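Subject: Structure handover

Dear colleague,

Please find below the structure that I promised to pass on to you. My notes on what was found in it follow directly after.

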Amino acid sequence: MTSRPAPLIPPRLRAILVRIPFLVRIVRFLRRGPLARDRNLLITLSVATLALGALAARVSTEWFSPSLFILATLVGGLQLRMRSLAVLVGAVAVALGYIAATLGVRSVGAGLLVTIGFTTVLAFLMARTRGKLGVQGLRGDVMLLELRDRLKRQGELPPLNRKEWGSRVVLKQAGGSSFGGDFLVSMRHGNVLEVALVDVSGKGVDAGTRALMLSGTFGGLLGSVESFLPACNAYLHRQPEGEGFVTAVHLRLDLSTGAYQITSAGHPPVVKFDAGTGTWQVSAAKGVVLGVVPDLHCEPDSGVLRKGDALMLYTDGLIEQPGRDIDSGLDRLLGEAERLVPSGFHDGARPLVNSMSAGHNDDCALILIWRP
């Protein structure tokens, strides 16, 4: 059995206090209604603000500085509703007016008024944003951080046998943002590894919200349906129009034999490193961009990864640049990929992404899977 926490007020003292009608009415008022927390905080901040104004005017502005009104306004912007915040701002204005009337107009400098005015605008913007989200305080930022961490964890490949397989994932979002339009979903069931690299139209934070939504949907479809990309296409085709396009590439790899199958939907072609010839070969898998046609038809490509072979999946951020042809970008990518062979695939993946993405601001993603 779990013991109940000790009451804050001793039972005997509580029995005496509940007999005082005035205190009972106050307690009932503070606990009444779903917005009791907002009301109680408003009362606390307003009383503190008015008391501070009185102390500053009657005692000392050095000990009770009017600049503390800025802190009260910020707390209100983080915690109060719009209407309650307006009441608090009115209390601040009354306190400032009382100080100016008691000590003179010069006691409230223009710099302080400008700062409080700017803080008030900022507080209302924060309160409006919180009102739309339906959260209090910094909970909205915490939710974004949780979503970012979830997307980051989802962008990691399942553990592989290091003696038999190697892998490397590099995600680089535009502008150094935590969110972007490129994301990865993967899963392993038995000796079969499935990986899907998806590119949502747009870049940075603008594409990040849609990528977050699709990552959950595509992650649920991966491994649950026989034809992954057609299922994703059917889902997107049911969505409202005007949300932009989505490209994706799906890899199904048998870790015991090295046999693989690649299907693509408008995505840049996968390239394979053939250790026997020492060259990179472009996959023939192709298909239409997701969400355009109701029935997606893909032309898959299959093969076998042997010792020393590798597969490289990437997004168009590595090969597309303004004023440059895609084919030339692909040729440059394969030329830069030659550096992976002497330095090792794992150590060369990050320098490859940095080299190909230099000079332009776009989301980039690279997946390397090889057999040592």
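Leu290 counts as buried, because its relative accessibility is 3% (buried means under 20% relative accessible area, exposed over 50%, and partly exposed in between, with a 1.4 Å probe and protein chains only). Leu290 is found in the loop between strand S8 (286–287) and strand S9 (298–299), where helices (H or I, at least four residues) and strands (E, at least two) are DSSP runs numbered from the N terminus. Not counting residues up to four places away in sequence, Leu290 touches Phe218, Leu229, Cys232, Asn233, Leu236, Val246, Ala248, Ala265 and Leu296, a contact being heavy atoms within 4.5 Å. Val246 is 44 residues from Leu290 in sequence, while their C-alpha atoms are 5.4 Å apart in space.

Before going further, please keep in mind that this is a predicted model, in which local features need pLDDT of at least 70 and side-chain atom pairs count only at pLDDT 80 or more, whereas totals for chains, interfaces and linings use all residues. Residues are numbered from 1 along each chain as its sequence is written, and side-chain values use heavy atoms, with hydrogens and water left out.

Several of the residues that Leu290 touches, including Leu229, Cys232, Asn233 and Leu236, are also among the buried residues of helix H9 (residues 228–237), which are Phe228, Leu229, Cys232, Asn233, Tyr235 and Leu236. They lie on the same side of H9, because they cover an arc of only 160 degrees around the axis, the arc being that of the directions from the helix axis to the C-beta atoms.

Asp199 has its place in strand S3 (residues 192–200) and counts as buried, because its relative accessibility is 6%.

The structure holds 1 salt bridge (a side-chain nitrogen of Lys or Arg within 4 Å of a carboxyl oxygen of Asp or Glu). Arg252 forms a salt bridge with Glu194, and the closest N and O atoms are 3.1 Å apart. Arg252 lies in strand S4 (residues 246–254) and Glu194 in strand S3, so the pair ties together parts that are 58 residues apart in sequence. Glu194 counts as buried at 3% relative accessibility, whereas Arg252, at 36%, counts as partly exposed.

As for the annotation, the unreviewed UniProt entry gives "transmembrane region" for residues 40–57, 85–103 and 109–127; positions are in the numbering used here, feature names are shortened, and annotations may be inferred rather than shown by experiment. In the model, residues 40–57 are 100% helix and 0% strand, with the end C-alpha atoms 26 Å apart, and residues 85–103 are likewise 100% helix and 0% strand, with the end C-alpha atoms 27 Å apart. Phe118 is found in helix H6 (residues 110–133) and counts as exposed, because its relative accessibility is 60%.

For the chain as a whole, there are 12 helices and 12 strands, and 39% of the 372 residues count as buried. Residues 24 or more positions apart account for 68% of the contacts with a separation of 6 or more.
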